[in-house]
Amino acid sequence: MPEPIIHIENVHKHFGRIHALRGISLDVKIGEVVVILGPSGSGKSTLLRCINHLEVYDHGTITVDGTLLKTAKDINVVRREVGMVFQSFNLFAHLTALENLTLAQRKVRKRSKAEAHKVAMELLEKVGIVEKAHAYPAQLSGGQQQRVAIARALAMNPKIMLFDEPTSALDPEMIKEVLDVMLALAKEGMTMVVVSHEMGFARAAASRAIFMDEGQIVEEGKPEKLFSSPTQERTKLFLSKVLQI
Amino acid sequence: MPSDGFFRNLGRVFSKKPPDLAEQSPAPKLDFILGAEPREKLDPWWWLVAVVVLLAVLLMAIKPDPYWNIFLFVRDGLAITVELTAISFVFIIIVGLFGGLGRIAKNPVIHFIATIYVEVIRGVPLLVQLIWWYFAAPVIIQDIGNIIHFDALANYRANPLFLAVVGLVICYGAYMAEIFRAGIQSISKGQMEASRSLGMSYMQSMTYVVLPQAIRVVLPPVGNEFIMLLKDTSLVSVVAVADLTRRGREFMAAHFNPLEVWTLIALIYLILTLVSARFIAWLEKKRKY
């Protein structure tokens with residue numbers, strides 16, 4: 001059995017008096033696509049942000065690609081292997097799409113200008129937005145921005161990709177173009193942890209779906225099974241609300 | 001700290017980029033070639049500069065005695081004022097940048113020092129600070145020299161221009177720190193998070209992602225500070241710096257014509273500040289991306 005690339009054990013996180021994560025344990029193996037869903041405030045985004053240490057957990061252990069986060073000498077070494085895509089895209093507003101992709105390649109991966117440029121153009125091509133390479137984020141639609149953001153994370157050749165509600169800030173007609181990119185990525189065997197309520201994506205790509213509530217993992221299983229016949233009352237209640245829409 | 005990349009981004013902020021136009025047609029690409037761009041419309045407020053300059057020139061031409069004589073007399077003071085403003089401003093930007101970073105630092109010691117600096121300095125009038133640096137600071141230096149028997153310090157004689165720069169930089173640096181702090185904080189947290197998530201360090205993220213965007217935000221208040229500084233340099237005339245104001249006072253003391261002296265001095269300051277304001281407005285227009 002292969003070692004899990006992400007190993008989370010009994011993780012707790014407090015925000016002041018709010019107990020956001022209450023003993024989460026989760027393993028993700030190489031090539032797995034894990035979709036996390038749950039009501040807002042359930043701690044799913046917090047959990048995701050703990051995986052690349054954007055949030056510092058209080059208790060427990062998280063090991064990513066063999067490095068224990070708490071004691072990591074240089075957290076940046078871990079982060080360069082873990083791409084992250086945000087709900088609000090967070091493209092660098094003062095840089096073009098192309099420059100968004102090349103900046104970290106050059107500063108962190110120390111690639112030459114030509115090499116970074118080549119990688120960036122290939123990825124922009126891949127996410128179908130190469131014609132906007134010289135456009136600034138403000139000139140792009142939400143869907144285009146999110147595709148550039150995915151390409152920006154991929155440019156670092158990460159081993160893991162984290163998606164924090166990547167389609168929640170998008171207009172409905174733009175959701176598909178982003179999901180298509182994510183689907184293609186999943187097919188290529190990328191290890192992905194996705195916080196999202198996109199059932200279609202979960203069904204098509206996820207090897208596992210996890211339902212979280214109140215800082216705990218309530219239920220997990222194959223997406224088909226979790227969505228059609230959940231065993232826990234809270235999962236049923238949540239799914240009935242989500243599926244109504 | 002602000003390495004080559006920072007200044008390149010700074011250049012980018014100031015360089016002209018008409019992205020909307022670039023999308024519509026290939027022609028505006030010419031904008032990047034000097035001289036090929038369509039004539040930029042002259043800032044309409046230049047007329048005010050022209051009127052004031054004309055007024056000053058007319059006064060000197062029609063009544064060379066005393067106006068032209070006053071001008072000849074205060075010209076070295078004018079140079080001092082400009083020099084003092086320019087040199088101080090460079091250091092104020094540096095102090096302000098580090099002060100601003102200190103104010104948002106997570107490290108409690110750095111944050112404490114930066115906060116104390118800002119709060120103390122903002123609480124004391126600039127004039128008092130300038131006097132303190134000129135009259136009080138040398139006493140401390142001499143006392144230390146006497147205690148450690150180091151003659152170079154014990155015989156220290158105040159250098160008015162140097163201490164004036166120190167006083168202006170320390171005082172204005174505190175205000176500038178607050179401007180930089182606000183500018184950095186106005187950039188969405190997501191920009192820093194996205195940068196950190198790519199494996200860039202805090203300093204790299206600041207240098208390449210946050211500061212280039214913050215500059216755009218702080219440009220108007222920084223420009224404001226520059227004009228205030230230009231005018232406040234007149235305070236150094238009380239601490240033995242022969243600036244424009246002090247030279248004016250000297251001329252008045254010799255010739256007893258306050259009306260002419262102070263009218264011309266006021267006009268000269270006005271020309272300096274109006275031109276600065278136009279330059280700042282031009283920069284603000286350039287920095288748009």
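Helix α10 (residues 202-232) of chain B and helix α12 (residues 258-286) of chain B have axes that come within 10 Å and cross at roughly 165 degrees. That crossing makes α10(B) roughly antiparallel to α12(B); angles over 145 degrees count as roughly antiparallel, under 35 as roughly parallel, 65 to 115 as roughly perpendicular and the rest as oblique. This is a predicted model, where local features need pLDDT of at least 70 and side-chain atom pairs count only at pLDDT 80 or more, while totals for chains, interfaces and linings use all residues. Residues are numbered from 1 along each chain as its sequence is written, chains are lettered from A and ligands numbered from 1 in the order in which they are written, and side-chain values use heavy atoms, with hydrogens and water left out.

**How α10 meets α12 in chain B**

- On the α10(B) side, the contact (heavy atoms within 4.5 Å) includes B:L219, B:P220 and B:F226.
- On the α12(B) side, the residues include B:Y269, B:L272 and B:I280.
- By class, this contact of α10(B) with α12(B) has 10 nonpolar, 3 polar and 2 charged residues (Ala, Val, Leu, Ile, Met, Phe, Trp, Tyr, Cys and Pro count as nonpolar, Asp, Glu, Lys and Arg as charged, and the others, Gly among them, as polar).
- Helices here are DSSP runs of H or I with at least four residues, strands are runs of E with at least two, and both are numbered from the N terminus.
- Axes are lines fitted to C-alpha atoms, for helices over the stretch in contact, and angles run from 0 to 180 degrees between N-to-C directions.

**Other partners of α10 in chain B**

- Helix α4 (residues 67-103) of chain B packs with α10(B) at an angle of about 140 degrees, their axes being 11 Å apart.
- That makes α4(B) oblique to α10(B).
- α4(B) also passes α10(B) in a right-handed crossing.
- Among the residues that meet are B:F89 and B:I92 in α4(B), and B:F226 and B:L230 in α10(B).
- The contact of α4(B) with α10(B) divides into 11 nonpolar, 3 polar and no charged residues.
- Helix α9 (residues 189-197) of chain B has an axis that comes within 9 Å of that of α10(B), and the two cross at roughly 145 degrees.
- The crossing of α9(B) past α10(B) is right-handed.
- In this contact, α9(B) contributes B:Q191, B:M192, B:S195 and B:R196.

**Where chain B meets chain A**

- The contact takes 23 residues from chain B and 28 residues from chain A.
- About 2,200 Å² is buried between the two chains, of which carbon and sulfur atoms give 56% (buried area is the accessible area, found with a 1.4 Å probe, that two parts lose on being put together, summed over both).
- Across this interface the rule finds 1 salt bridge (a side-chain nitrogen of Lys or Arg within 4 Å of a carboxyl oxygen of Asp or Glu).
- A:R49 forms a salt bridge with B:E193, with the closest N and O atoms 2.6 Å apart.

**Salt bridges and backbone details**

- The whole structure has 21 salt bridges over all chains.
- A:E224 and A:R203 meet through their side chains in a salt bridge (3.3 Å, N to O).
- This pair links distant parts of the chain, 21 residues apart, with A:E224 in helix α8 (residues 223-228) of chain A and A:R203 in helix α7 (residues 199-205) of chain A.
- The peptide bond from B:D65 to B:P66 is cis, with omega near 15 degrees.
- B:P66 sits in the loop between α3 (46-62) and α4 of chain B.
- A:D65 has a phi near 50 degrees, a positive value in a residue other than glycine.

Technical notes: A crossing is left-handed if the near helix is turned anticlockwise from the far one by less than a right angle, and right-handed if clockwise.
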